[in-house]
Amino acid sequence: MPPFTRRAFVIASGATLVSLLSGCGRSDDDSGGDGGSLDAADFTHGVASGDPLPDAVMLWTRALPAAAGATRARLRYIVARDPALTQVLSRGFVSSTAERDWTVKLDLRDLAPDTAYYYCFESASGRSPVGRTRTTPDGAVTRLRLAFVTCSSYITGYFHAYRRVAERSDLHAVIHLGDYIYENGTQDRVRPHEPAHELLDLADYRQRYAQYRGDEDLLELHRQHPVIWIWDDHEVANDAWKEGAGAHDEAAEGAYTARRAAAMQAAFEWMPIRAPDAGDPSRVWRGFRFGDLADLSLIDARHFGRDEPLEPNSLFGDAVPVFTQSGDFADASRQILGPAQEAWLAQRLATGSARWQLIGNQVYFSPLKLLGAPRALGGGGLYLSNDKWDGYDPARSRVIDMIRARSQGNVVILTGDAHEAYAFEVTDDPNGPGYQPLSGAGAVAVEFVATSVTSRGDLPAGNGPTALFAQLSANAEQLLRLTNPHLKYYENTLNGYLLLDLTPERLQAEFWIVPRVTERNDEQSLNQAFSVASGSNRLAAVADASQPIANGPAAAP
């Protein structure tokens, strides 16, 4: 394999997010030699990797200088083919500075496809933990394993799901669908947030990322797997849209534009993401390819193009906040992705040649109704959430038209945000005559909604009124399925993650759950699994978990 140190890039941040995205330069030492001195620094938050390509991957660390008043920390990176770092492929020098919160991002190039690499960083006073990363496959691919995680509230519980994913050594990548951090100041749960108030400025967001990234289970997830991340609303503020957020009060909290810029700068400093557009600090939507088996399109349905959510329009008012697809809800000009992103997604779906087309998405795409009816009769009934794609029905119809135009089919939507698990057969009229729920005929895609890492929390224990009410609501699946025949699975009490196992013939989705997140444990179990035969767009329940890929790369020590 050719040396790649000449094309190793370090993202050099300035004081603004724009400079963070656009300021790329060469590493301090292009030769890979040992010239120059290192600075004493502590690796406070381990290592991470992300955004893998067939020939590249991002590496990340954070190094706090030991010397008071230091302006930089000069480090060495080492990349090898073995966990002991004896088969060294490259080494070079990078620097962290205070203006990017002492974080370092290194874009390694000229790598081999579908290959595990092991790496670390060194300072004058120590060495970081060893991390493992992996490039994506290229060409013909017979099998692919991906994990999907979302909604990890630090205060609500322990990140057991991250640890269970970290232990799966055969994964090609982990996709985080957003709500990686939570911006609130709530303190009365399992463990307190730092800082102890809602996040508003750059220092706040940096401190919160530092807290989350110090968690032992999240540290291990990043150390063992490349993570492909997309934000949801809580990385900035709850119920965010392109010009504001439902949880932001300009009079009390200042300009939303300043808060959003601070949140996005901290995210790009702390996450191992490759900026898809150096000239646009709000863009994170981007695509990945896993050979001829899968294309992954990550969309931003929150911050980039979303119009402000509408108020429910039913006669029930705030008492039952449902709505119909009428009035402004039927306005074709309303956007959730924005014209540029929507055109990008249309182009990827039209030209994507991989067997499976995966779409990473923040809020559930499929309709979810309190009262179901065909679209021809009153617009389809009463819808439950104006914050989801239900609140942007014309935009959803345009995406369904894109999917329907694909002769190959095999579109799979992977969703976060809900703190619940769902499996849908995707149709724009689930109560209409064009969809047959028993056979799946009329469905154009499938959707899997991953449950939260912790944010659902635990059901109350015991037999008191609170526990009994919670247990009653936990049995809502049958009620929902009466009015939503395209809904094939619903679980609203447990935390965990979603595992995808793909072959050219079928895709299998597995909902893995962990026990109570308010207590430390090392258990997990398979709650439900579905298989989708290539070309079918139909969910078939299966009993058994897929088998791990044999002879996967060794874990980082």
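## Salt bridges across the chain

The structure holds 41 salt bridges, each one a side-chain nitrogen of Lys or Arg within 4 Å of a carboxyl oxygen of Asp or Glu. Side chains of opposite charge can pair when their charged atoms come close. Before we look at single pairs, please keep in mind that this is a predicted model, in which local features need pLDDT of at least 70, side-chain atom pairs count only at pLDDT 80 or more, and totals for chains, interfaces and linings use all residues. Residues are numbered from 1 along each chain as its sequence is written, and side-chain values use heavy atoms, with hydrogens and water left out.

Helices (H or I, at least four residues) and strands (E, at least two) are DSSP runs, numbered from the N terminus. Both Asp107 and Arg274 are buried; buried means under 20% relative accessible area, exposed means over 50%, and partly exposed is in between (1.4 Å probe, protein chains only).

Arg145 belongs to strand β11 (residues 144-149) and Asp170 to the loop between α2 (160-166) and β12 (173-176), so the pair ties together parts that are 25 residues apart in sequence. Arg145 counts as buried because its relative accessibility is 0%. Asp170, at 4% relative accessibility, counts as buried too.

## A network around Asp387 and Arg306

Asp387 and Arg306 meet through their side chains in a salt bridge of 3.2 Å, N to O. Here too, distant parts of the chain are linked: Asp387 is in the loop between β20 (381-383) and α8 (393-404), and Arg306 is in the loop between β17 (294-298) and α7 (339-351), 81 residues apart. Salt bridges that share partners join Asp232, Asp233, Arg302, Arg306, Asp387, Lys388 and Asp417 into one network. Asp387 and Arg306 are both buried.

Asp417 is found in the loop between β21 (411-415) and β22 (421-426), and it counts as buried because its relative accessibility is 10%.

Helix α6 has 15 residues and reaches 21 Å from its first C-alpha to its last, close to the 21 Å expected at 1.5 Å a residue; the expected span is 1.5 Å times one less than the number of residues. Twelve of the 15 residues of α6 are buried, so the helix is largely enclosed by the rest of the structure. Among the buried residues are Tyr256, Arg259, Arg260, Phe268, Glu269 and Trp270.

In helix α8 you will find Arg396, which counts as buried because its relative accessibility is 1%. The side chains of Arg396 and Asp393 are joined by a polar contact of 2.9 Å (a pair of N or O atoms within 3.5 Å; within protein, one must be able to donate a hydrogen and the other to accept it, and residues adjacent in sequence count only if both atoms are side-chain atoms). Not counting residues up to four places away in sequence, Arg396 touches Gln325, Phe365, Ser366, Pro367, Tyr383, Trp389 and Asp390, where contact means heavy atoms within 4.5 Å.

## Backbone details in one loop

Most residues other than glycine have a negative phi, and most peptide bonds are trans. The loop between β12 and α3 (202-213) holds Pro195, and the peptide bond from Glu194 to Pro195 is cis, with omega near -5°.

Asp179 also lies in the loop between β12 and α3. Although it is not a glycine, Asp179 has a positive phi of about 60°. Its relative accessible area is 0%, so Asp179 is buried.

## Thr97 in strand β6

Thr97 is found in strand β6 (residues 88-97) and is buried, with a relative accessible area of 16%. Thr97 and Thr86 are eleven residues apart in sequence and 29 Å apart in space, C-alpha to C-alpha. Leaving aside neighbours within four places in sequence, Thr97 is in contact with Thr71, Arg72 and Trp102.
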